[in-house]
Amino acid sequence: MVDDDKDGHVASVYKNENAQREVRSWCAQRIADWGIAHVRSEVVTSAGVTGVVTTGPEPRDGEPSVVLLPGTNMNAALCLPLVEAMARERRVIILDLPGQPGLSVGRRPHVRRMAWYGNWLSEALTQAVPGPAVVVGHSLGGAVALASDAPRIVGRVALAGAGITPLRVPVRLLAATVPWLLLPSAARSAALLRRMTAPGHGVPGHLSAWMHLVARHCRTSLAPPPLPSSLLERRRTVPTLVVAGRFDPFLPPRTLGPAARRRLGAEFRVIEGAGHLLLDEAPVEVSAVVEEFCARLGG
């Protein structure tokens with residue numbers, strides 16, 4: 001059911017109940033068709049129901065699981081190539097973010113959103129992850145990872161992570177976004193996605209179809225502003241790796257790298273030949289970076 005707040009302002013990502021059904025059906029079917037052994041489940045938090053997908057081997061003694069948080073307009077069903085690569089080495093748990101299209105609750109608050117997300121993640125980790133966790137967040141998911149002070153988090157990897165420095169929105173990308181929202185089509189979705197990727201990188205057909213579905217059925221949300229310096233200072237107690245695609249139009253390395261080092265004391269890596277959509281453009285490279293990071297933590 002689509003949720004309204006007490007003042008009548010829509011608080012759901014979905015435009016109506018039918019939109020929610022179509023989006024959830026698309027996601028559930030894509031996960032069901034995945035040719036990798038996995039378990040799909042749910043946990044209930046104060047934010048509402050959270051969709052969970054778990055795959056990969058049981059953690060060995062003291063070994064952290066990888067918890068993946070997708071970004072804006074994304075979810076577990078869109079992360080499967082990366083998860084397949086990561087799950088060869090260790091347990092991977094994908095949590096769909098509340099308030100984003102997917103298999104979690106559609107509600108999201110109007111105010112103090114990142115504090116709300118941080119609390120949600122702490123609750124979800126307690127229920128869905130049996131031991132230590134390295135939280136890997138893409139874009140909005142990276143900001144959510146930083147917003148949580150859950151004691152189970154032993155490391156963070158922010159892939160094109162929001163919340164560290166303001167996002168840029170180049171004019172050419174904005175020019176592709178407006179027609180995508182006003183007159184949705186698969187072609188306009190593909191055109192928008194091409195603006196987010198590295199030059200010459202193809203856009204997978206399922207991703208164009210998904211973004212067409214999002215434009216028709218959802219109210220897309222904006223990226224969060226940078227998190228407070230006092231909060232980021234407290235996150236220095238846990239190792240953090242920030243990763244950027246060389247051609248990311250929102251968070252180019254020349255901007256994200258210095259901010260990550262200055263505000264977080266984080267290690268910074270660049271993936272060549274990739275843009276903002278790191279999970280789709282460079283799943284093998286991202287998997288290798290995450291595994292190297294986890295191995296250095298002693299897992």
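Analyst: A residue counts as exposed when its relative accessible area is over 50%, as buried when it is under 20%, and as partly exposed in between. The model discussed here is predicted.

User: Why is Arg112 called exposed?

Analyst: Arg112 has a relative accessibility of 66%, and the cut-off is over 50%, so Arg112 counts as exposed. Arg112 sits in the loop between strand 4 (92–95) and helix 3. Its phi is near 50°, a positive value in a residue other than glycine.

User: What class does Ser139 fall into, buried or exposed?

Analyst: The relative accessible area of Ser139 is 7%, which is under 20%, so Ser139 is buried. Ser139 belongs to the loop between strand 5 (133–138) and helix 4 (140–147). Phi of Ser139 is near 55°, again positive in a residue other than glycine.

User: What makes Thr255 partly exposed?

Analyst: Thr255 has 28% relative accessibility; buried would need under 20% and exposed over 50%, so Thr255 counts as partly exposed. Thr255 is part of helix 9 (residues 253–264). Its C-alpha atom is separated by 9.9 Å from that of Ala244, which is 11 residues apart from Thr255 along the chain.

User: Why is Ser65 called buried, and what does Ser65 touch?

Analyst: At a relative accessible area of 2%, Ser65 falls under the 20% limit and is therefore buried. Ser65 lies in strand 3 (residues 65–69). Leaving out residues up to four places away in sequence, Ser65 touches Pro59, Arg91, Ile93, Val129, Pro132, Ala133 and Val134.

User: How do you know that Phe293 is buried?

Analyst: Phe293 has a relative accessible area of 3%, and under 20% means buried, so Phe293 is buried. Phe293 is in helix 11 (residues 283–296). With residues up to four places away in sequence not counted, Phe293 touches Val134, Gly155, Arg156, Val157, Pro239, Thr240 and Leu241.

User: Which residues have the most contacts inside the largest nonpolar core?

Analyst: They are Leu69, Leu95 and Trp120, in a core of 96 residues. Helix 3 (residues 113–128) gives the most to this core, with 7 residues. Apart from neighbours within four places in sequence, the contacts of Leu95 include Val67, Leu68, Leu69, Trp120, Leu121 and Ala124.

User: At what angle do helix 3 and helix 4 pack?

Analyst: The angle is about 75°, and the axes are 8 Å apart. Angles of 65 to 115 degrees count as roughly perpendicular, so helix 3 is roughly perpendicular to helix 4. Helix 3 brings Met114, Tyr117, Gly118, Trp120 and Leu121 to the contact, and helix 4 brings Leu140, Ala143, Val144, Ala145 and Ala147. By class, the contact of helix 3 with helix 4 has 9 nonpolar residues, 1 polar and no charged.

User: At what angle do the axes of helix 6 and helix 7 cross?

Analyst: The axes of helix 6 (residues 186–196) and helix 7 (residues 205–217) cross at roughly 110° and come within 8 Å. This angle lies in the range 65 to 115, so helix 6 is roughly perpendicular to helix 7. Their crossing is right-handed. Ala186, Ser189, Ala190, Leu192 and Leu193 of helix 6 meet Leu207, Ser208, Met211 and His212 of helix 7. The contact of helix 6 with helix 7 holds 6 nonpolar, 3 polar and no charged residues.

User: Why are helix 1 and helix 7 called roughly antiparallel?

Analyst: Helix 1 (residues 17–32) packs on helix 7 at an angle of about 160°, with the axes 9 Å apart. Angles over 145 count as roughly antiparallel, so helix 1 and helix 7 are roughly antiparallel to each other. The crossing of these two helices is left-handed.

User: Which residues of helix 1 and helix 7 meet?

Analyst: From helix 1 they are Ala19, Glu22, Val23, Trp26, Cys27 and Arg30, and from helix 7 His206, Trp210, Leu213 and His217. The contact of helix 1 with helix 7 divides into 6 nonpolar, 2 polar and 2 charged residues. Glu and Arg count as charged, so Glu22 and Arg30 belong to the charged class.

How values were computed:
Residues are numbered from 1 along each chain as its sequence is written. This is a predicted model: local features need pLDDT of at least 70, side-chain atom pairs count only at pLDDT 80 or more; totals for chains, interfaces and linings use all residues. Side-chain values use heavy atoms; hydrogens and water are left out. Axes are lines fitted to C-alpha atoms, for helices over the stretch in contact, and angles run from 0 to 180 degrees between N-to-C directions. Helices (H or I, at least four residues) and strands (E, at least two) are DSSP runs, numbered from the N terminus. Angles under 35 degrees count as roughly parallel, over 145 as roughly antiparallel, 65 to 115 as roughly perpendicular and the rest as oblique. A crossing is left-handed if the near helix is turned anticlockwise from the far one by less than a right angle, and right-handed if clockwise. Contact means heavy atoms within 4.5 Å. A nonpolar core is a set of buried Ala, Val, Leu, Ile, Met, Phe, Trp, Tyr and Cys residues joined through side-chain atoms within 4.5 Å. Buried means under 20% relative accessible area, exposed over 50%, partly exposed in between (1.4 Å probe, protein chains only).
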